[in-house]
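Let's walk through this structure together, one neighbourhood at a time. Keep the sequence and the 3D view side by side as you read.

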Amino acid sequence: MSDASGRVVWLTGLSGAGKTTLARAVERELMTRGVPVEVLDGDAVREHLSKGLSFTREDRDTNVRRIAFVAGLLAKHGVTVLVSAISPYRDTRDAVLAELPNAVEVFVDAPLDVVTARDVKGLYEKALRGEISHFTGVSDPYEAPLAPSVHVKTHEVTVEEGVALVVESLGVERELAVV
């Protein structure tokens, strides 16, 4: 059953951990259950809402706050919002989650060697060689959640198993069709 007040599901983790893949798969599952859902992908938001921001701590925090603002507006109108964003700093993530309706934090977890192997653009390799500065997980920190609502280890479970973990945490049932 959809929640009239909406909710925000915040998927956090390193680049390449599987946040967007998981968010899109959860989106498809929630849609089949009749839940109004929207995905806010960190890359798309950075391109359209946060264009011009750098990768300094201050700008990363500004980006996270902007995403949270939009997510909160959507959730206030009954939408389940799936946020897929690295959001590397725990204190900023905790602060925005505390202000969002029915927030669920999902730690999409994969070790550095796995995300490096998944990286088709070779950004991790460049960052490891020192060619890219401020790269989360290499030259900038990623502060993992201390007590996430859901912990999905994408190197150990399938996408379908990850979807089941997230959807189960939401307590979403199928909507009955109105005839």
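Which are the buried residues of helix 7? Before the answer, a few ground rules. This is a predicted model, in which local features need pLDDT of at least 70 and side-chain atom pairs count only at pLDDT 80 or more, while totals for chains, interfaces and linings use all residues. Residues are numbered from 1 along each chain as its sequence is written, and side-chain values use heavy atoms, with hydrogens and water left out. Helices (H or I, at least four residues) and strands (E, at least two) are DSSP runs, numbered from the N terminus. Buried means under 20% relative accessible area, exposed over 50%, and partly exposed in between (1.4 Å probe, protein chains only).

Now to helix 7, which takes in residues 159-170. With 12 residues at 1.5 Å a residue, helix 7 should span 16 Å, and its end C-alpha atoms are 17 Å apart, which agrees; the expected span is 1.5 Å times one less than the number of residues. The buried residues of helix 7 are Gly-162, Val-163, Val-166, Val-167 and Leu-170. They cover an arc of only 125 degrees around the axis, which puts them on the same side of helix 7; the arc is that of the directions from the helix axis to the C-beta atoms. An α-helix has 3.6 residues a turn, so residues three or four places apart point the same way.

What do the buried residues of helix 7 pack against? Their partners are strand 1 (7-12), helix 1 (19-32), strand 4 (104-109) and strand 5 (150-153), where contact means heavy atoms within 4.5 Å. You can see one piece of this from Ala-25, which lies in helix 1. At 9% relative accessibility, Ala-25 counts as buried, and Ala-25 touches Val-159 and Val-163, not counting residues up to four places away in sequence. After helix 7 comes Gly-171, whose phi is positive, near 65 degrees.

Next, find helix 4 (90-99). Its buried residues are Thr-92, Arg-93, Val-96 and Leu-97. Seen down the axis of helix 4, these fall within an arc of 125 degrees, so they line one face of the helix. On the other side of helix 4, Ala-98 and Glu-99 are exposed. The buried residues of helix 4 pack against strand 1, helix 3 (57-76) and strand 4. Val-96 makes a handy example: this residue of helix 4 is buried, with a relative accessible area of 9%. Leaving aside residues up to four places away in sequence, Val-96 touches Trp-10, Val-64, Arg-65 and Ala-68.

Where is Ser-87 found? Look in the loop between strand 3 (80-84) and helix 4. UniProt, in an unreviewed entry, places the feature "active site" at Ser-87. UniProt positions are given in the numbering used here, feature names are shortened, and annotations may be inferred rather than shown by experiment. Ser-87 is buried, with a relative accessible area of 4%. Not counting residues up to four places away in sequence, Ser-87 touches Trp-10, Thr-12, Val-64, Arg-93 and Tyr-142. The UniProt annotation "domain: APS kinase", also from an unreviewed entry, covers residues 6-153. Over residues 6-153 the chain is 43% helix and 18% strand.

How many aromatic pairs does the structure hold? There are 2, where rings of Phe, Tyr and Trp (its six-membered ring) pair if their centres lie within 6.5 Å, with planes under 30 degrees apart counting as stacked, over 60 as edge-to-face and the rest as tilted. Phe-107 and Tyr-142 form a stacked pair, 6.1 Å centre to centre with 20 degrees between the planes. This pair links distant parts of the chain, with Phe-107 in strand 4 and Tyr-142 in the loop between helix 6 (123-128) and strand 5, 35 residues apart. Phe-107 counts as buried at 8% relative accessibility, and Tyr-142 counts as buried at 17%. The rings of Tyr-124 and Phe-135 have their centres 4.8 Å apart and their planes at 80 degrees, so that pair is edge-to-face. Both Tyr-124 and Phe-135 are buried.
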